[in-house]
Amino acid sequence: MDLETDMSRFDDFVILTTTYKTVHNHELTVNLLYPKSLNELSQQLRTRPVLLRYHGGGLVAGSSLYPAFFNPWYLELAKENSAIIVSPDYRLLPESSVMEILEDVEDNWKWIHQALPAFLEQQTQGTIQADLSRIMCVGDSAGGYLSLQMGLNHASEIRAINAVYPVVDPRSPYFCNGQERRVFNMPTIPRDCLERHMEEVKRQETLTQKPVIVSSGAGNERLELMFSLCQHGRLGSLFPDNTIAPYPLKKLDEGARFPRGGVLVLHGKDDTVAPVEQSYGLASKLAEIDPELNFKLIVRDGEHGFDHSAKLRDEWLWNAVQDILKAWLE
């Protein structure tokens, strides 16, 4: 079965889906996944820690349950610790803005604290509860970027962060200089993919007299748009330059800090989507301004997505996650 449609990796989980906000009649959904084995735990063990997980896709593609972008070892982590995964969708570029995406993940954060307990109560007849004092934020690629952002925004409420090959500095030359580059050894996608896409969006908006909103994009056209932006160094052009809000390094300079439980970053040294220099830059910044932080950067051979073949109990990964697991669970 095609990796993009094979949902078998979720076979051991109960999946609950609901709407956490509506924008212009467009529902933004969040998926809750918990191990089926959790139904067998004794009552006193059913208040479970939370993995708040953001999907990748360059902020342009993907969705909260898109199998090809869902790290299998996150599912292993949830199963092993009987944890609840909260995986929200959010509006995507370029139809929406970076600031609207950040607004969505913040609104989902509010929903978690205001509505999730009652939702779980209703859906599980009170047998499963989320321990909102034990949240670890995780994600890869664009999801890694969002996990860093949320860690800086909610440092006292999130226990620890795992960001895998994250975009750290969206306005760095790699994402902004417009130079064509190799990505995954893929054929070059036309540079004007973005312009042609936006022309179609404007045509639709003219016909319907309402904004086009996309919060799930996993088809070929969407992936081509994402890779075109990567290949031609154009992603950064979609980020605003009149605020520090989308920029983790600038927020650190202004005094924001990560959760004291620590940050684990995993990156492939051969990454052609989000170069490993991004994570080295974060490491240097934190060594300078927050040397007490339990920050760990693990660089391995491999491309963007290298860890999707990893197992949680692989020695290198298991050793890497111990500090953030302790911070999350204890």
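Here are a few friendly notes on the sheet and on one helix pair.

1. This is a predicted model, in which local features need pLDDT of at least 70 and side-chain atom pairs count only at pLDDT 80 or more, while totals for chains, interfaces and linings use all residues. Residues are numbered from 1 along each chain as its sequence is written, and side-chain values use heavy atoms, with hydrogens and water left out.

2. The order 1-2-4-3-5-6-7-8 describes an open sheet of 8 strands with mixed pairing. Strands (E, at least two residues) and helices (H or I, at least four) are DSSP runs numbered from the N terminus, and two strands pair if DSSP finds at least two bridges between them. At the edges lie strand 1 (13-23) and strand 8 (295-300), each pairing on one side only.

3. Strand 5 (residues 129-140) runs parallel to its partner, strand 6 (residues 160-164), over 5 bridges. Within strand 6, I161 is the bridge partner of C137.

4. Helix 9 (residues 277-289) packs on the sheet and touches strand 7 (263-268) and strand 8; contact means heavy atoms within 4.5 Å. Its direction makes about 155° with that of strand 8, where angles run from 0 to 180 degrees between N-to-C directions and axes are lines fitted to C-alpha atoms, for helices over the stretch in contact.

5. Do look at helix 2 (residues 98-114) and helix 4 (residues 142-153), which pack at about 60° with axes 11 Å apart. The two are therefore oblique to each other, as angles under 35 degrees count as roughly parallel, over 145 as roughly antiparallel, 65 to 115 as roughly perpendicular and the rest as oblique. Residues meeting there include W109 in helix 2 and Y145 in helix 4.
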